[in-house]
Amino acid sequence: PTIKDPIYAAMIEDMDTAIGRFLKALDEAGLRENTLVIFKSDNGGYNGDNRPLRGLKGMLYEGGIRVPMIVKWPGLGKTGIVCEEPIMSTDFYPSLLEMAGLPAMPNQTADGKSFVPALKGESFNRGAIYWHFPHYSNHGMQSPGGAIRLGDYKLLEYYENNTVQLFNLREDIGEQ
């Protein structure tokens with residue numbers, strides 16, 4: 001998509017340049033093949049250029065929460081793998097522990113699930129994912145609410161007016 005906001009476009013270009021510098025520095029130090037690199041955004045798109053996804057950054061619709069992630073795990077991850085199973089930030093902790101060969105601390109509860117099987121090209125089923133957004137968004141387009149996703153189904157609940165919406169994302173990625 002064309003980015004119509006020149007400031008946002010410049011920020012994307014700067015990020016691309018910075019990532020290139022980082023990868024070049026790894027190459028120059030001889031560390032590229034011994035370094036795990038993860039690139040992930042925090043929320044959905046900024047200005048609604050997420051079509052066919054509905055919503056934008058900070059909303060519970062897919063356009064506000066669905067983001068790409070790239071993982072390069074030299075020597076251990078399979079190249080060219082595309083995983084359709086969603087993950088979330090809480091999944092990083094158990095994944096990084098597993099990648100490093102470290103156990104969780106005794107009596108430590110982890111909400112996430114390791115996505116290492118997906119990186120190896122194996123079956124990965126995340127299970128249900130939950131979002132809780134108990135306040136108004138700074139752009140004013142998201143009221144307090146929550147969401148749960150399991151498989152293709154996603155349920156949204158808005159606390160302000162006690163409404164719910166149910167979507168089958170396989171059949172309706174735009175949550176219409």
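Ala, Val, Leu, Ile, Met, Phe, Trp, Tyr, Cys and Pro count as nonpolar, Asp, Glu, Lys and Arg as charged, and the others, Gly among them, as polar. The model is predicted: local features need pLDDT of at least 70, side-chain atom pairs count only at pLDDT 80 or more, and totals for chains, interfaces and linings use all residues. Residues are numbered from 1 along each chain as its sequence is written, and side-chain values use heavy atoms, with hydrogens and water left out.

**Exercise 1.** State which residues line the largest cavity and sort the lining by class.

*Solution.* A cavity is a set of points on a 1 Å grid over the protein atoms alone where a 1.4 Å probe fits but cannot get out; lining residues have an atom within 4 Å of a point. The lining consists of E85, P86, G127, I129, R149, L150 and G151. Sorted by class, three are nonpolar, two polar and two charged.

**Exercise 2.** Describe the salt bridges of K154 and where their partners lie.

*Solution.* A salt bridge is a side-chain nitrogen of Lys or Arg within 4 Å of a carboxyl oxygen of Asp or Glu. Step one: K154 pairs with E62 at 2.7 Å, N to O. E62 belongs to helix α2 (residues 62-65) and K154 to strand β5 (residues 153-158), so this pair ties together parts 92 residues apart in sequence; helices (H or I, at least four residues) and strands (E, at least two) are DSSP runs, numbered from the N terminus.

Notes. On a 1 Å grid over the protein atoms alone, a cavity is a set of points where a 1.4 Å probe fits but cannot get out, and a pocket is an open set with protein on both sides within 12 Å along at least five of seven lines; lining residues have an atom within 4 Å of a point.
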